[in-house]
Each structure stands twice: as C-alpha cells, then as structure tokens.
Amino acid sequence: MTEPLLSVRNLRLDIPTGSGTLHAVRGIDFDLNRGETLCIVGESGSGKSLTSLALMGLLGKSIKRNADRMTFDGIELTTASQGQMRRLRGARMAMIFQEPMTSLNPAYTIGDQLAEALLLHRKVSRQQARDRAIELLEKVGITAAESRLSQYPHQLSGGLRQRVMIAMALMCEPELIIADEPTTALDVTIQAQILRLLHDLGREMNMAVILITHDLGVVARVADKVAVMYAGELVETGPVRDIFNAPSHPYTRGLLRCIPLPGKTDRGAKLGTIPGIVPSLVGEVEGCVFRTRCPHAVAECRGDIPKREDGNHAFRCIFPDGKRHSEKELTV
Amino acid sequence: MLQFILKRLGLAILVAFTVSFISFSLLFLSGDPAAALAGETASGEDVEALRRLYGFDRPMLVQYGDWLFSALQGDFGESYYFRLPVASLIADRLSVTMILGVCGITFALLTAVPLGVVAAIRPNSIIDRIALFISVAGQAMPSFWFGLILIVVFAIQLGWLPPSGTATWRHFILPTIVLGYYAMPAIMRLTRAGMLDVLSSDYIRTARAKGANETRVMFRHALRNAIIPVVSLAAVQMGFMLGGSIVVESIFALHGAGYLAWESIARNDLPTVQALILIFSMFYIVFTFLADVLNAWLDPRMRTS
Ligand SMILES: Nc1ncnc2c1ncn2[C@@H]1O[C@H](COP(=O)(O)OP(=O)(O)O)[C@@H](O)[C@H]1O
Ligand code: SF4
Ligand SMILES: [Mg+2]
C-alpha cells in the first residue's frame with residue numbers, strides 16, 4: 001500500500017468564545033490518495049470550511065488546531081513552519097473558495113493575479129507566467145483568453161471569476177486542490193459546468209480533489225470517497241458506492257432522503273430539512289451529537305459511541321448497522 | 001482612463017470658472033467699490049472719477065472678462081492698501097505657504113500611514129494604543145497651544161530650533177510638525193479602518209492561499225486597496241493647507257498667504273482678497289482633480305463608472 005497523499009487523524013478545532021470554547025471540529029479522521037476525489041457533505045455550520053482552512057493553514061489566529069496526525073505527502077502540517085506552509089500553499093496544495101465575487105483582488109488585472117500564483121513559487125519569466133496563464137484560462141473554458149489578461153475582476157461575471165480562480169489554483173499544478181462549495185454563489189446553470197470542469201481537470205492532472213458541496217447528484221457522479229459531516233464530526237466516511245448503496249449512519253440516510261426526485265419532490269422544497277435542532281458545540285460535548293434529531297435515539301446514545309469500521313467504510317452509532325435494516329424504503 | 005481624465009478635467013475647468021466668477025462678484029457684493037475706495041470723506045465727484053478710473057462704470061460681465069483675462073496672465077490689479085501689484089505681493093507669501101503645506105502633508109502622511117497600518121495589523125497592541133492616544137491628543141489639542149508648547153520646549157528651553165521666521169529650512173520644522181499633526185489623526189484613523197476592513201476580505205485569504213508572504217499580503221494586496229480613500233482625504237487636506245493656516249502662520253510669524261488673506265480682509269483690500277480666494281480655490285480644484293486621477297489609477301472600478 002502506498003502512503004496516502006493526505007492523512008488526517010483526530011483533527012480538533014477549538015474556538016474560544018465569550019460563553020466558552022466552541023468545539024467546532026471534534027476528532028475527524030480521513031485519508032486521501034493521489035488522484036482521488038473526496039466529497040465532504042453536510043449542513044451549513046458543520047465545520048466543512050474550517051476543516052479545509054485547517055489543512056491549508058489559513059485559520060484565523062484565535063482558532064486552536066490540534067491533531068494526532070495531519071500529513072501531506074509525509075510532511076506533518078501541524079508542526080510545519082510558516083515558510084514551509086507558504087511553499088506548499090499555491091504550489092502543491094491549492095484552494096478555491098465559495099465567494100468568486102470577492103475572492104479576487106479588485107486592484108489588479110486577471111493576468112497579474114494569475115501570473116503571481118506562478119511567480120511566487122517558480123523561477124520563470126513574466127512572459128512564461130503570462131503564457132501559462134493564457135494556457136490555463138483556455139483550459140478552464142474561457143474564450144479570448146489573451147484579452148482577458150488585461151481585464152479587472154469587476155469586468156467579469158461570477159461564473160468567469162470562479163473559472164479564473166480555478167485557473168489560478170492550477171497554475172503550479174498542485175497535487176491537492178480543495179474546492180469549498182465553489183458553485184454555491186453561482187447560477188444553477190453554471191454550477192454543473194464548473195463542477196464538471198473541476199472534476200475533469202482533476203482527472204487529467206491526476207490531482208487529489210476535496211470537493212465540499214451540497215449537491216448529492218454531483219457527489220454521486222464525481223466522488224471516489226464521501227465524508228458526511230455533522231456538527232463537527234465525520235459521522236460516516238467511505239467509498240461512494242457504500243455511502244449511496246448502504247448508508248449506515250441515520251444522518252446520512254436523512255441527507256439522502258432529502259435529494260429532490262423528479263415528480264416526487266415539490267418545487268421549491270428545501271434541501272436538508274431533517275427535523276430537529278443541531279446541539280450547541282460550546283463546552284463539553286458527550287454522546288452522539290445526532291441524538292437530538294435521530295429517529296432511533298435511545299438512552300445509550302448519551303454514552304460513548306463506538307466507531308464501526310468495515311474496510312474503508314466507517315461510521316459512528318451504537319447500533320451495529322446504524323438501524324439501516326429498519327428503514328425499508330431506502331434499502332430496496 | 002483617458003476618457004475619465006478628460007471628463008474630470010472638463011468638470012474641474014467648469015468649477016474653476018464658477019469659482020472665479022463668484023470671487024469676482026465679491027467686489028460688488030460688499031457694496032459700491034468706488035465709494036469704498038474713495039473713503040468716507042470723499043466728495044461725489046471724487047467717487048465718480050475713481051469709478052471711471054477703475055472702470056467700475058462698465059457692465060459687470062465686461063469687467064469680469066477683463067479681470068479674468070488679466071488674472072490668467074498673472075495680473076491681479078493693484079492692492080488698495082499697499083499700492084503695489086497684487087501678484088508680486090502674493091508671490092512671496094505664497095511660496096512660504098506652499099513650502100509649509102507640502103512639508104505639513106508629507107509629515108502627516110509619513111507618520112500617519114505607517115502608524116495606521118501597524119495599528120491595523122496588531123489591533124489592541126501597545127502600538128495601536130499609542131497611535132490612538134496620539135490621534136485623540138491631536139484632535140483635542142488646539143494648534144496654537146501645541147505650537148506654543150513646541151516653541152517653549154524646543155526653541156526657548158532647549159534652544160535647538162528657531163522660534164519664528166522663515167530664514168532657513170530649520171525655521172520650518174516646528175510649523176511643519178504643528179500643521180502636520182493637525183492633519184494626522186484623520187489620515188491615521190482612515191488608514192487603520194481601511195486596513196482592518198481589507199484584511200478581513202476574501203481576496204486577502206486568496207493571496208495567502210497562493211503562498212504570498214505576509215509582507216506581500218500587507219503591502220501589495222492590502223495597503224494598495226486600503227490607501228484609496230486616504231488619497232482623497234489627503235488631497236482635501238492639502239487643499240486646505242495651501243489655503244494657508246492662519247493659526248500656524250501667526251504663531252511662528254511666517255508671513256504666508258493665509259496671514260495675508262486675514263489681514264487683507266480686515267483692511268478691505270478687495271483686489272488682494274479676490275486674488276487670494278481665486279488662487280486658494282484653484283489649488284483646491286487642482287488637488288481634487290489630481291486625487292480623482294490618482295484614485296482612478298489605484299482603483300480600476302472608478303475608471304469605468
Ligand atoms: N472565526 C470564527 N469564529 C467563531 N466561530 C466560527 C468561526 N468560523 C467558523 N465558526 C463556527 O464554526 C462552525 C463551523 O463553521 P464552518 O466550517 O464555516 O461550517 P460549514 O463550512 O460546514 O458551513 C460554525 O458554527 C461557525 O459559526
Ligand atoms: S448513536 Fe443513537 S442517536 Fe446517534 S445515530 Fe446512532 S442511534 Fe442515532
Ligand atoms: Mg462553508
């Protein structure tokens with residue numbers, strides 16, 4: 001077995017707040033191999049963005065990061081120096097953000113910002129950086145690429161800006177690319193195009209991709225692995241087939257049940273509407289975090305919850321099958 | 001960009017004409033200029049003679065055209081008080097004011113911008129607190145009082161610098177500090193607020209995600225955007241400073257244009273007042289125009305709108 005490109009064990013993120021410590025991410029584990037696509041799904045506020053920022057070393061100063069292990073190609077990220085992280089960021093691991101409208105610097109041209117990504121890490125001439133920028137703009141499907149170089153962000157639409165962000169992330173051919181809800185802010189018609197593009201480029205360049213998305217249809221098409229996040233925990237992780245064919249955690253099943261089905265789901269029905277409220281993560285958190293909303297919750301769910309592993313498929317529940325077999329309609 | 005500049009230039013010229021007309025009409029708003037010139041004891045004939053001599057009997061627009069035409073060639077008429085050409089009277093005074101203004105704004109920018117940046121990078125740090133103290137003190141303390149303190153300490157007690165006059169560059173040090181300190185608090189707070197705002201923006205996170213180091217993030221990505229509103233503010237302040245600071249010029253006995261304007265108003269010396277108002281307004285218009293151009297150069301979004 002080759003060493004995974006990214007390996008995370010027991011990652012914890014704590015944020016001090018006025019009313020106590022917010023345990024925003026509590027002990028998550030996952031591995032990602034080169035060229036693989038991992039999709040992280042889960043409701044807003046579950047800690048997906050914080051997890052990706054933690055990997056990039058871009059968390060705010062007030063947020064405390066701890067992990068038993070968080071390695072990228074064998075480099076321990078928790079103990080890496082500022083300089084080491086800087087040499088990784090943009091060069092070997094890149095990130096695409098949720099907000100294309102505000103993620104580009106309004107004062108510089110697209111060309112300058114693309115070139116900067118390469119010039120920061122490689123000893124190349126401005127002309128070479130420019131050529132590479134044109135090449136990538138074409139790759140992400142932007143027409144008249146050369147003339148775009150002298151344009152400013154405000155002259156481009158949201159979809160184009162996100163394509164530019166993708167091109168920028170690819171300038172140095174990173175081994176890992178993290179895309180945090182890259183299409184949430186965009187038009188529905190453009191969303192699919194951008195996600196497809198990201199997926200195809202990932203394949204073409206043999207990049208590992210972490211894609212955070214709400215779109216389970218996309219997950220089914222592009223993911224190799226899926227991690228389901230709930231209230232700061234990965235409640236279920238596994239190969240995409242297992243997650244869709246044998247969703248074991250009750251929360252995963254709840255999410256899958258929320259996929260709109262043509263003809264069956266009402267127009268405008270809200271996604272992810274599982275009844276109940278997410279518990280506060282301030283102070284000590286004990287037992288299963290999902291028990292306030294779980295239809296199968298019993299008294300024992302307040303105690304320690306075992307992690308159940310079967311090969312690469314893992315989930316946390318006191319029931320060995322997560323009560324999967326009691327929910328007939330999903331296991332047909 | 002060129003289109004933007006031409007548009008602003010057109011606007012500036014329009015404003016300049018309006019202002020020149022207003023400053024010209026001051027002569028008539030303040031009563032019959034011939035009577036004022038002749039004095040209270042003069043006879044009706046004398047007043048008429050003066051009226052003809054100075055051309056006050058012609059239509060107002062003709063007089064305005066005449067006055068503007070001469071003014072454009074640097075001829076502002078003769079001072080009623082000194083009986084000297086206004087232009088030569090002003091020239092000397094203006095150079096003092098200009099030196100002081102340029103030094104003042106430079107001093108203000110060179111201290112306020114770095115302080116504002118550091119205060120924003122480390123909010124609530126010692127430096128931030130010191131910066132806050134300096135800015136509050138600067139706003140609370142009247143210029144004349146601060147000026148007197150500097151004179152007492154550095155000129156009288158320590159004897160390091162001359163207390164007044166314009167003979168050497170050393171004479172300008174204390175006035176520069178007083179005038180600069182007056183402009184500093186606003187520039188510093190705007191820089192700090194702008195930096196804080198920009199530093200929390202998404203594109204700063206993008207810059208870090210690219211692998212840019214902190215120096216590059218702070219200066220190339222953050223300050224470049226945060227400085228845009230500071231440019232406008234500094235231009236406005238520069239315009240004010242070139243209008244001459246009557247307070248600073250009087251404390252340090254610098255015979256500048258501000259002081260002259262004040263004296264001329266008291267003496268009813270209308271041609272001098274007119275010329276000074278025109279020149280001060282022109283400075284103001286020129287600096288506003290330059291600030292617009294600089295802003296457009298710094299902020300590409302301005303160029304198209
Ligand atoms: N800088 C911060 N300070 C305080 N709380 C934060 C901060 N960033 C995120 N959080 C909190 O951490 C939780 C996880 O946030 P996030 O990772 O953005 O969720 P997601 O991306 O899954 O929607 C949320 O409850 C959010 O309010
Ligand atoms: S541990 Fe209990 S509450 Fe949590 S998912 Fe399993 S059954 Fe539901
Ligand atoms: Mg998020």
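This tour moves through selections in chain A and then in chain B.

The model is predicted: local features need pLDDT of at least 70, side-chain atom pairs count only at pLDDT 80 or more, and totals for chains, interfaces and linings use all residues. Residues are numbered from 1 along each chain as its sequence is written, chains are lettered from A and ligands numbered from 1 in the order in which they are written, and side-chain values use heavy atoms, with hydrogens and water left out.

**Chain A: the core**

Select Leu6(A), Phe30(A), Leu114(A), Ile166(A), Leu176(A), Ile210(A) and Leu211(A), the residues with the most contacts inside the largest nonpolar core, which has 109 residues. A nonpolar core is a set of buried Ala, Val, Leu, Ile, Met, Phe, Trp, Tyr and Cys residues joined through side-chain atoms within 4.5 Å; buried means under 20% relative accessible area, exposed over 50%, and partly exposed in between (1.4 Å probe, protein chains only). Helices (H or I, at least four residues) and strands (E, at least two) are DSSP runs, numbered from the N terminus. Colour domain 1 (6–92 + 172–331) and domain 2 (93–171) of chain A: both give residues to this core, so it lies between them. The domain bounds come from an automatic or database domain assignment.

Next, centre on Leu114(A). Beyond its neighbours within four places in sequence, Leu114(A) is in contact (heavy atoms within 4.5 Å) with Ala133(A), Leu137(A), Leu149(A), Val164(A), Ala167(A), Met168(A) and Met171(A).

**Chain A: Pro174**

Move to Pro174(A), in the loop between α6 and β8 (176–180) of chain A. Pro174(A) is buried, with a relative accessible area of 2%. Its contacts, leaving aside neighbours within four places in sequence, are Ala91(A), Arg92(A), Met93(A), Ala94(A), Ala169(A) and Met207(A).

**Chain B**

Now show chain B, which has 14 helices and 0 strands. Its C-alpha trace spans about 85 × 55 × 30 Å along the principal axes, and 48% of its 305 residues count as buried.

Finally, select α12 (residues 257–266) and α13 (residues 270–298) of chain B, which pack at an angle of about 140° with their axes 9 Å apart. Axes are lines fitted to C-alpha atoms, for helices over the stretch in contact, and angles run from 0 to 180 degrees between N-to-C directions. On the α12(B) side, the contact is made by Ala257(B), Gly258(B), Leu260(B), Ala261(B), Ser264(B) and Ile265(B); α13(B) supplies Thr272(B), Val273(B), Leu276(B) and Phe280(B).
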